[in-house]
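I opened this notebook page to record what I looked up in one chain. The entries follow the order of my reading.

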Amino acid sequence: MSETVTAVPQRTKLTGICPAAQTHALAELFRLHPAPVWVVIHEEAQKTDALAEDIALFHTAGGSKAKLEIIPFPEAQSGEMREAFNAASDRLAVLSRLRGLKNATAKSGTLLILSTPAALLQPVPSLSDFATRESELRRGEKLSFQGLLELIRSFDYDSEAVCEAPGQYAVRGGIVDIYPITAHQPYRLDFFGDTLEEIRALDPITQRSGDPIEHLTLTAAPKLHTSGLQASLLDYLHPATHAALLEPKALEELFDTLAPDDGRANPPDEPRADGSSGRPALPILEQLSHACSHLFGVSDLDLASRLFDPAAQEETWDTESLSHHRSYPQERLLAPERLSAEEDARQLFLQKVAAWKQAGYAVEFVVSKEGEEQRIRELLDEHTGLRKIKPRFLRGELSEGFRVTFRSGRGGARGAAPEGGVGRERAPPEEGGG
């Protein structure tokens, strides 16, 4: 009789990464450790959009050609009907994408899920139940027009004169306009007899059809997914999923606060989504570590953690927020004095940036539009000592800059100051470029 051996997931702790540099560190992890699915867990749901924007910025700036799709897995809402519907639809969109990738073998980029402890602890429909409430439509397939309408009605979509919001559909002759609850736009289905001849994107404002697509997934309305067996998001993960915890020590404490039964995702005496029973559930973070092939902890300070014990791999980064190097005028100053103090502070900061460039750092400025880039170029050209900075300009927005120093050939790093200043260094220093 042979014994089944369960692979032990890898655990790596990255410390010394200040909060401002976390999104850059994540982009580096995605590049160095490619996986079909990445899950990033952070504390505050309000920061999800900013995280997504910054990660996308650094993913593109790093020169990666791999496709990165970023979608949030929000906390289910109660109260106002529209907000609750939107949150539930967003959660189902994540489950739909993960279900489609769960057994995929072909490489087609990375799906990045951003979530919080509160969202992860909330139950989701089981995989088997979810499959019965989702259907895929393909261009050219034989499909009864009336059968499609019956399917749409069974999925609890609302019939409207004009289709312009998720969960709606409209019928005109042999055309069905439908807005899947898991999509970002509606689509037009054009029938010829009982053949789905075309599927096209639809502009909800002009009601004009756009580019054709080959297939479309329809998912039932959220209220239909509340019955039946319940599961966890972890049950939907691809076996090669990687996960990152931002500040793992704080997340462990938050999970302990939010989760019942000492952080257990499923009560030990209740049946699990797969029908099994009688086996105690592990704490949710332990479940996550076993559902993923590699778990990363990203933190500023090296704090003791249950997940990342001394046996875990450890890597120390050298990062620093540039807010420590940038001063601002006192609020009590009047307008002329304030402008003068601001100019002096800017010059002192840019002189520091020039010194970093001289020391071997690459400098990058993040600006939101061309006018800001032109203004910075003018400021640098006004002073001979600042022209040597010769920065690279990236399009985007960052609330805080940072500096990353790499002293071993691990690769490049970048960041941005409140005005867009960035530092990067490679070893030896003379290899650093602008």
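I first looked up Ile-178, which stands opposite Tyr-187 in E10. The model is predicted, with local features requiring pLDDT of at least 70 and side-chain atom pairs pLDDT 80 or more, while totals for chains, interfaces and linings use all residues. Residues are numbered from 1 along each chain as its sequence is written, and side-chain values use heavy atoms, without hydrogens and water.

I then traced the two strands: E9 (residues 175–178) and E10 (residues 187–192) run antiparallel and are joined by four bridges. Strands here are DSSP runs of E with at least two residues, helices are runs of H or I with at least four, and both are numbered from the N terminus. Two strands pair if DSSP finds at least two bridges between them.

I noted that helix H6 (residues 145–154) packs on the sheet and touches strand E8 (168–172), E9 and E10; contact means heavy atoms within 4.5 Å. The direction of H6 makes about 20° with that of E9, from axes fitted to C-alpha atoms, for helices over the stretch in contact, with angles from 0 to 180 degrees between N-to-C directions.

I placed these strands in an open sheet of six, ordered E7-E8-E9-E10-E11-E12, with mixed pairing. Its edge strands are E7 (158–159) and E12 (209–212), each pairing on one side only.

For the chain as a whole, I recorded eleven helices and 23 strands. Buried residues, those under 20% relative accessible area (1.4 Å probe, protein chains only), make up 46% of the 434 residues.

Note on methods:
Buried < 20%, exposed > 50% of the residue type's maximum accessible area, 1.4 Å probe, protein only.
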